[in-house]
Amino acid sequence: IPRPRFLALREFAPGNFLYHEGARWEIVAFQAPPGGLDERRRQLRLCYTCGSFCDPALDLCPVCNTRFHAENSLIAPLLDMPNVKARRRERITSNEEERRRRGYHIETFYQFSAALPLSTAHVLPSSLSLLPSSLSPLPSPFSPLPSPFSPLPSSSPLFSLTYAPSATLLRINHGSRLARTPGFQVDFESGEVITEKENAAPPRRPQRIETVRLSVQDTQNLLLLRPSDPQRFSNRAFETTLRIALQRGLEQVYQLEENELAAESIGQGEHRAILFYETSEGGSGILRRLVEAPNALAEVARAALERAHYDENGQDQKPDCIAACYECLLSYSNQLEALLIDRRLIRQTLFDLTHSRVLPNVGGRTYEEHLAWLRSLTDSRSELERRFLQALAEGSRRLPDDAQRGIADPRCTVDFFYEPNVCVFCDGSVHDQPEQRRQDETLRAELRARGYEVIVIRYDRDLGEQINAQPALFGV
């Protein structure tokens with residue numbers, strides 16, 4: 001019976017029951033692949049601070065730079081989950097039924113791809129001025145909610161976003177939630193899973209029993225949403241409800257099925273975050289949009305607010321729904337978290353997000369810092385360059401990666417440059433002179449012949465229209 005690996009980690013875990021063709025079957029053993037089960041064994045270090053995994057020989061986490069010790073990490077013996085064997089069962093005891101109902105302790109860890117860069121951004125109130133300003137602290141998300149609602153009057157970031165394309169996701173099954181010790185006892189000679197009852201009986205054949213945790217891994221796009229104030233996630237009910245609400249908002253805005261997108265809580269303390277990852281084959285591409293499009297997260301929050309029975313002004317449209325119901329946030333998949341879900345806790349936060357915008361970080365700098373850096377590089381004689389930057393900033397558009405970039409062949413200096421190959425020239429009135437125009441045409445033809453894309457911003461045309469004509473480059 002084939003199943004996706006992330007589902008099989010739970011559904012085909014040892015001791016679980018599955019129903020097939022009218023019969024009840026219990027998972028009792030692993031089918032050894034060529035080379036034996038030892039070929040699928042490995043050890044990895046799990047970082048509980050940020051939720052990443054790495055080589056067990058490392059002393060520092062490569063993601064959060066935390067020094068490992070016994071409390072914030074675990075060197076886990078893992079068995080990459082092979083095919084399983086099942087035995088038909090006619091009856092199950094009440095203890096087995098209770099164990100099945102409680103389920104397994106499953107955790108998710110990640111590892112960024114070394115070949116692909118991360119995309120980071122900050123979520124800020126839409127009223128933010130891009131000029132330097134003093135930062136004021138965010139109000140507590142659990143403070144009394146004002147009525148009528150108003151956007152958050154602060155320039156402090158609400159959240160930070162980290163998008164990782166083609167990251168490695170590791171899912172680990174630590175065993176039953178009711179087990180005395182984590183892991184599964186597996187006979188590596190026969191592949192059988194040893195239960196407590198069987199462990200007490202004398203073995204019928206030579207055994208090599210070891211305790212391992214089951215693991216599966218896959219490559220997916222992922223997004224980490226982390227609050228700027230770690231205290232926002234100190235309330236588990238608030239964090240759980242926000243995670244589920246944003247997941248429902250993503251499903252509604254981008255027309256996704258519930259099984260196409262997953263969301264989990266991950267990390268501890270200041271590294272506590274909500275992890276979103278795409279489970280559909282090949283990915284749906286929506287998580288990248290949340291980082292690149294300034295208003296994408298606001299649209300998702302607006303849909304989540306509506307899903308939680310609030311209108312665009314934050315007014316409750318269904319007072320009969322006290323904490324949550326199956327018309328808003330509850331579902332079969334989050335039954336174990338039902339007692340933590342309370343839509344009232346997230347009303348103000350979702351409303352703030354509907355009046356927010358996402359500004360990407362560039363070159364390790366925030367949007368505001370990168371804008372100031374680009375302004376410092378502009379030609380002091382070109383007012384058009386500074387007007388162009390201001391027009392991009394006012395619309396929360398994508399800023400250039402560099403300014404006054406020198407190119408060796410053909411030898412020239414580009415006013416603004418977008419990686420990997422887009423040259424933007426800001427032409428003032430001096431470029432209308434016949435000789436200068438001929439030089440410009442020759443140079444730009446050579447750039448195009450060498451694979452560069454050339455964009456010209458003119459002084460005598462409306463800046464907004466010229467920017468809107470290039471949505472793929474500057475954004476919308």
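A hairpin of three residues joins strand β16 to strand β17. Strands here are DSSP runs of E with at least two residues, helices are runs of H or I with at least four, and both are numbered from the N terminus. The model is predicted: local features need pLDDT of at least 70, side-chain atom pairs count only at pLDDT 80 or more, and totals for chains, interfaces and linings use all residues. Residues are numbered from 1 along each chain as its sequence is written, and side-chain values use heavy atoms, with hydrogens and water left out.

Start with β16 and its neighbours. β16 pairs with β17 (residues 422-427) in the antiparallel sense, over three bridges. Two strands count as paired if DSSP finds at least two bridges between them. Within this pairing, Phe-417 stands opposite Cys-423 in β17. Strand β15 (residues 402-407) also pairs with β16 in the antiparallel sense, here over five bridges. Gly-406 stands opposite Thr-413 in β16. β15 and β16 form a hairpin too, with four residues between them.

Now widen the view to the sheet. Four strands make an open sheet in the order β15-β16-β17-β18, and the pairing is mixed. β15 and β18 (453-458) are the edge strands, each pairing on one side only. From one strand to the next the twist averages 45 degrees. Angles run from 0 to 180 degrees between N-to-C directions, with axes fitted as lines to C-alpha atoms, for helices over the stretch in contact.

How enclosed is strand β16 (residues 412-418)? Six of its seven residues are buried, so β16 is largely enclosed by the rest of the structure. Buried means under 20% relative accessible area, exposed over 50%, and partly exposed in between, using a 1.4 Å probe and protein chains only.

Next come the aromatic rings. A ring pair is described by the distance of the centres and the angle of the planes. Rings of Phe, Tyr and Trp (its six-membered ring) pair if their centres lie within 6.5 Å; planes under 30 degrees apart are stacked, over 60 edge-to-face, and the rest tilted. By this rule there are eight aromatic pairs. One of them is Phe-6 with Tyr-277, edge-to-face at 6.2 Å centre to centre and 85 degrees between the planes. This pair links distant parts of the chain: Phe-6 is in helix α1 (residues 5-11) and Tyr-277 in strand β13 (residues 273-278), 271 residues apart. Both Phe-6 and Tyr-277 are buried.

A further pair leads back to β16. The ring centres of Tyr-418 and Phe-474 lie 5.7 Å apart and their planes meet at 65 degrees, so the pair is edge-to-face. Tyr-418 belongs to strand β16 and Phe-474 to helix α12 (residues 471-474), so the pair ties together parts that are 56 residues apart in sequence. Tyr-418 is buried, with a relative accessible area of 0%. Phe-474 is buried as well, at 1%. Ring pairs link Phe-388, Phe-416, Tyr-418 and Phe-474 into a cluster.

Last, the cavities. A search of the whole structure finds one cavity of 30 Å³ or more. On a 1 Å grid over the protein atoms alone, a cavity is a set of points where a 1.4 Å probe fits but cannot get out, and lining residues have an atom within 4 Å of a point. The largest cavity has a volume of about 30 Å³. Its lining consists of Leu-225, Leu-246, Leu-250, Phe-276, Leu-290, Leu-297 and Val-300. Helices α4 (236-253) and α6 (296-307) each give two or more residues to this lining.

Conventions
On a 1 Å grid over the protein atoms alone, a cavity is a set of points where a 1.4 Å probe fits but cannot get out, and a pocket is an open set with protein on both sides within 12 Å along at least five of seven lines; lining residues have an atom within 4 Å of a point. Grid points are joined across faces, edges and corners, and a volume is the space filled by probe spheres set on the points.
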